[in-house]
Amino acid sequence: MALSLPLSTKPNLHFSCSSAADSSSFKSPKFPRFWPWQKVKVGPLSVSPMGFGTWAWGNKILWGYEESMDSQLQQSFDFALRNGINLFDTADSYGTGRLNGQSEKLLGKFIREFRGRTKVQDDIVIATKFAAYPWRLTPGQFVNACKSSLERMQIEQIGIGQLHWSTANYAPLQERALWDGLVAMYEKGLVRAVGVSNYGPKQLLKVHNYLEARGVPLSSAQVQFSLLSMGSDQMEIRNICDSLGISLIAYSPLALGMLTGKYSPTNLPKGPRGFLFSQVLPGLQPLMNSLRDISQKRRKTIPQVAINWCICKGAIPIPGVKSLKQADENVGALGWQLSDNELLELEYGALQSPQKMIQNIFQTS
């Protein structure tokens, strides 16, 4: 079971690919965005070809979160479930200031309150990340972090428990304790599968071999991966994942919004993203032209084309969602596939664009 809820709070969760209909009226069936057999494996789990990320849920600084947005976020979550999305990525550090952990709390709340036509609680896969804070120095402390996440979400088991980043570059001894913590939470049944995030090629091989020697499979590796993040390290990570049977989860598939087509050097987002966008967007014209041309020919949106590229490269993208409109648009990236020529055109456009996305400083070698 991917997700377990306490018996006392277990909701009546439902899944439906069609609109609700009562006995007095009939509505034409709504076909699913993808078929059940198109789900992909992450270790022992079956997940949708795309998940939804919840970094913005609780983050005031970068994403302008306000608690008044919660109803919109809940609508997005409900829409995702009704359209077959069952993978939701979060982290114990998501949420700023007093809202730390807010993303996990909201996910748990939305799961409990979801209502539909068919039970889906056994199908939901929560992937959460545990921060490598400097005070988490022992395996037991890392296990306690997992237990705290379970309490915040009010669930009994997490689908994928992930180490948020590696400490190899600045605290190598702590790294080994955190790996042992992953082993312990897996052996205790607190998580169905374990994964890592922001691991470069060398460290990815090391953690895979270490966990394998302990009898624990490494099920996933989450990295920044998009048309603006497809450098040699990212492609090597992808190749390692392919060879070892590790699922590649792509965060920021839209490069924080730069690949949506909504922004330009004269129309920048507010907050910290604005400065980053001002440095990168002026050099993105070749890539944006390719995205725009293909989206028009396909009758898709630019974000849908950018997300579909990730899927075609063998990754499970987890674009963020803050509204029902975004959720609907993101789901439109499923159910079709770019051609080989279109993939080459996009990648050529990316190579011709002089500016690239700044890589996460936490990613190791």
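Student: What does the secondary structure of the chain come to?

Tutor: Keep in mind that this is a predicted model. Buried residues make up 56% of the chain's 365 residues. As for secondary structure, the count comes to twelve helices and ten strands.

Student: Of the contacts in the chain with a separation of 6 or more, what share comes from residues 24 or more positions apart?

Tutor: Contact here means heavy atoms within 4.5 Å. Take the contacts with a separation of 6 or more, then pick out those between residues 24 or more positions apart; their share is 79%.

Student: Which residues touch the most other members of the largest nonpolar core?

Tutor: In soluble globular proteins, nonpolar side chains tend to be buried together. The largest core here has 95 residues. Back in the largest core, the residues touching the most other members are Phe88, Leu204, Leu259 and Leu291.

Student: How are helix H9 and helix H10 placed, roughly parallel or roughly perpendicular?

Tutor: H9 covers residues 285-298 and H10 covers residues 302-312. Their axes are 8 Å apart and meet at an angle of about 105°. Angles of 65 to 115 degrees count as roughly perpendicular, so H9 against H10 is roughly perpendicular.

Student: Which residues in H10 does H9 meet?

Tutor: By class, this contact has six nonpolar, one polar and one charged residues. From H9 come Met288, Leu291, Arg292, Ile294 and Ser295. On the H10 side, they meet Ile302, Val305 and Ala306.

Student: Is cysteine 312 buried or partly exposed?

Tutor: Buried means under 20% relative accessible area. Cysteine 146, at 0%, counts as buried. Cysteine 312 has 24% relative accessibility, so it counts as partly exposed.

Student: And histidine 164, is it buried or exposed?

Tutor: Histidine 164 sits in the loop between strand S6 (158-163) and helix H5 (172-187). Setting aside neighbours within four places in sequence, its contacts include Tyr94, Lys129, Phe130 and Asn198. Its relative accessible area is 10%, so histidine 164 is buried.

How values were computed. Residues numbered from 1 in each chain as written. Predicted model: local features only at pLDDT ≥ 70, side-chain atom pairs only at ≥ 80, totals over all residues. Heavy atoms only, no water. Axes fitted to C-alpha atoms, helices over the stretch in contact; angles between N-to-C directions. Helix = DSSP H or I, 4+ residues; strand = E, 2+ residues; numbered from the N terminus. Parallel < 35°, antiparallel > 145°, perpendicular 65-115°, else oblique. Nonpolar A, V, L, I, M, F, W, Y, C, P; charged D, E, K, R; others polar. Core = buried A, V, L, I, M, F, W, Y, C linked by side-chain atoms within 4.5 Å. Buried < 20%, exposed > 50% of the residue type's maximum accessible area, 1.4 Å probe, protein only.
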